[in-house]
Amino acid sequence: MTSPTDRIRPAVLVPRPVAELAARFDLTTSDPGTLAEVQVTAVASDNRAVSDGDLFVALPGARAHGAAFAADAVARGARAVLTDPEGAADLGDLSVPVLVTDEPRLLLGPVAAWVHGAPAERLTTFGVTGTNGKTTTTYQLDHLLRALGRRGGLVGTVETRSGDRVLPSRLTTPEASDLQAVLAAMCEDGVDSLSMEVSSHAIAMHRVDGVVYDVAGFTNLSQDHLDFHGDLATYFAAKAELFTPARSRQGVVVVDDVWGERMAAAATVPVQTVRTGPAREGAPAADWTVAEVAPRGTGSAFTLTHADGRSLRAWTSLPGHFNVANAALAVVMVLASGVALDDVVAALEAGDGLSAQVPGRMEVVGPGDGTHPRVVVDFAHNTDALELALAALRPTTTGRLVVIFGATGDRDPGKRPLMGAAAVAGADVVVVTDDDPHDEDAAAVRAAVRAGAEAARDRAVAAGRDVTVTEVAPRAEAIRRAVLEAAGTDTVLVAGRGHETLQEVRGVDLELDDRVEARAALRARAERTPTA
Ligand SMILES: CC(=O)N[C@H]1[C@@H](OP(=O)(O)OP(=O)(O)OC[C@H]2O[C@@H](n3ccc(=O)[nH]c3=O)[C@H](O)[C@@H]2O)O[C@H](CO)[C@@H](O)[C@@H]1O[C@H](C)C(=O)N[C@@H](C)C(=O)N[C@H](CCC(=O)O)C(=O)O
Ligand SMILES: Nc1ncnc2c1ncn2[C@@H]1O[C@H](COP(=O)(O)OP(=O)(O)OP(=O)(O)O)[C@@H](O)[C@H]1O
């Protein structure tokens, strides 16, 4: 998380005439004479991020209309304002040209791309969408591209990276104007390949307009974000847009779930499919299949084979079958971009496969040594991810599997009891705590999760399983207690917040990093019982 004003922007800016902008994008202005001589060098849609020389685009939103901030934007140096008729009516006298279009959000990306000289076209661009696995796959892509000698740039939930410039993220996919500035900065920093997460929100809100990805990737789809999209079909449709010529040149789709099969069928760009498990009866054959999955270090190795017989062996240090799927997707996306198979094989050797370090994704905070438990922090924050994270840890857990997690306030309440039930299905000790309560009563969110967990526990106990469910808040205390109480052979999974370092409670950001809390608890334990 970072301040609303932090941005990565190019250092060298090229002035663009506003008159040309108006003509190119068919913008109206009440006084065309005012456009002569005015130039802009960058684009901002948040007044707090405006720099001298910017075009300020005042967008209508759910909470505000950007027009309310236009006067401040001009005071900060905006040279012109672009808005809709409603915004224009509210601007008053700004002393800079005002350009008007009916839906400025549709132009934000293309205008910013034009101002920055179409930076996406100067990069090889990889965009990954899907409910789970976007961050992991982009880190694996970036890892492989670097092993190939490329200079990688990264945009996603954890951070944005351009050369030596690194900025923690506020959004998974930045606002369109910020994205184009980052891409321009990447060109300046010598980056040649972009690995980027594309959220469904971003597609629906036109944040990636202005980019046509060389290769788009799809991981999977399961219930999430229904507060925004309404239903799964709409959520799917938002993601499916990425696989159309307006947004990508070709796609790679994991067809392990039925949504992947639908995505491959719906795509209107050429698509290669990847299957990592057994095929559903009646499912079409996949182009690439994963076989011979075997444990390797903390993760897995696997063979990836094309229907035409081409084949390679790859591996990742990240545990769980889902990370095999992410890794296979990354490899096929790189191959799809035109890299020869032999070069990929050599890069896998040189770079230790796809063993990227992904902050807060299956991050092992304490390895476990028989005296102290293994402690893993993972970002699993929906039902599917929670189930899979637990399943990934079960085979290597000799004692009990403990999970600490909560659900987010103000978001998708339908998934709370389902997450509770998933935790009971996968773990032996379930500790329900807080995630980000936002503006909701944290105790009520916990109660909804616990209700699902307790109902599942009653069924599990009746069936002869030994499962406990407790509720402990605040989260730091839940982590501390679970780590202190675990046996040395147990695994403790702290799920849901991954790399996040701030917990939002009623508009206040509290410092909370699961990894820091888990390490502190492990230290307290070690002081109490030193390792033999
Ligand atoms: C639902 C959603 O995505 N909303 C985003 C949207 O809000 P909005 O259109 O309602 O805008 P608004 O807040 O009413 O503001 C209107 C305009 O005034 C501007 N403004 C606003 C306040 C101010 O002080 N100054 C100012 O200039 C805003 O920049 C905006 O252009 O545009 C805003 C500006 O870019 C975003 O901050 C906001 O993201 C909100 C905060 C958000 O939480 N989004 C999440 C749900 C999201 O997008 N998540 C996905 C990932 C999901 C996942 O896979 O986990 C993501 O890509 O991050
Ligand atoms: N391919 C996958 N299928 C299912 N679950 C996965 C997959 N990859 C990762 N996960 C789980 O989902 C969690 C989030 O993974 P990751 O951050 O890579 O996904 P994401 O799509 O970027 O999520 P978000 O957009 O919410 O950040 C991981 O911590 C892991 O538990």
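I count Ala, Val, Leu, Ile, Met, Phe, Trp, Tyr, Cys and Pro as nonpolar, Asp, Glu, Lys and Arg as charged, and the others, Gly among them, as polar.

I am working on a predicted model, where local features need pLDDT of at least 70, side-chain atom pairs count only at pLDDT 80 or more, and totals for chains, interfaces and linings use all residues. Residues are numbered from 1 along each chain as its sequence is written, while chains are lettered from A and ligands numbered from 1 in the order in which they are written.

**Entry 1: domains.** I looked up the domain assignment. It gives domain 1 (16-115), domain 2 (119-350) and domain 3 (363-528); such bounds come from an automatic or database domain assignment. The C-alpha centres of domain 1 and domain 2 lie 34 Å apart. Their contact takes twelve residues from domain 1 and eleven residues from domain 2. Two residues are in contact if their C-beta atoms, placed from the backbone, lie within 7 Å. On the domain 1 side, β3 (42-44) and α4 are the elements that give two or more residues. Helices (H or I, at least four residues) and strands (E, at least two) are DSSP runs, numbered from the N terminus. The largest share of that side, seven residues, comes from α4. By class, I find nine nonpolar, two polar and one charged on the domain 1 side.

**Entry 2: ligand 1.** Which residues come nearest to ligand 1? Of the 20 residues around ligand 1, these are Gly 61, Ala 62, Arg 63, Leu 171 and Ser 199. A residue is near a molecule if its C-beta atom, placed from the backbone, lies within 6 Å of it. The shell around ligand 1 splits into eight nonpolar, eight polar and four charged residues. Ligand 1 lies between domain 1 (16-115) and domain 2 (119-350), because both give residues to its shell.

**Entry 3: ligand 2.** I then turned to ligand 2. It has 23 residues around it, and Asn 132, Gly 133, Lys 134, Thr 135 and Thr 136 come nearest. The shell holds seven nonpolar, eleven polar and five charged residues. At least three residues come from each of domain 2 (119-350) and domain 3 (363-528). Helices α5 (134-147), α11 (321-336) and α13 (383-393) each supply at least two residues. The largest share, four residues, is from α13.

**Entry 4: α5 and α11.** I checked how two of these helices pack. The angle between α5 and α11 is about 45°, and their axes are 9 Å apart. Axes are lines fitted to C-alpha atoms, for helices over the stretch in contact, and angles run from 0 to 180 degrees between N-to-C directions. That makes α5 oblique to α11. Angles under 35 degrees count as roughly parallel, over 145 as roughly antiparallel, 65 to 115 as roughly perpendicular and the rest as oblique. The contact includes Thr 136 and Leu 141 of α5 and Asn 323 and Val 334 of α11. Its residues are nine nonpolar, five polar and no charged.

**Entry 5: α4 and α6.** Helix α4 (residues 104-115) packs on helix α6 (residues 176-188) at about 25°, with axes 8 Å apart. That makes α4 roughly parallel to α6. On the α4 side I list Leu 108, Gly 109, Ala 112 and Ala 113; on the α6 side, Ala 176, Ser 177, Gln 180 and Ala 181.

**Entry 6: backbone.** Most residues other than glycine have a negative phi, and most peptide bonds are trans. Ser 95 has a positive phi of about 65° although it is not a glycine. A cis peptide bond joins Ala 473 and Pro 474, with omega about 0°.
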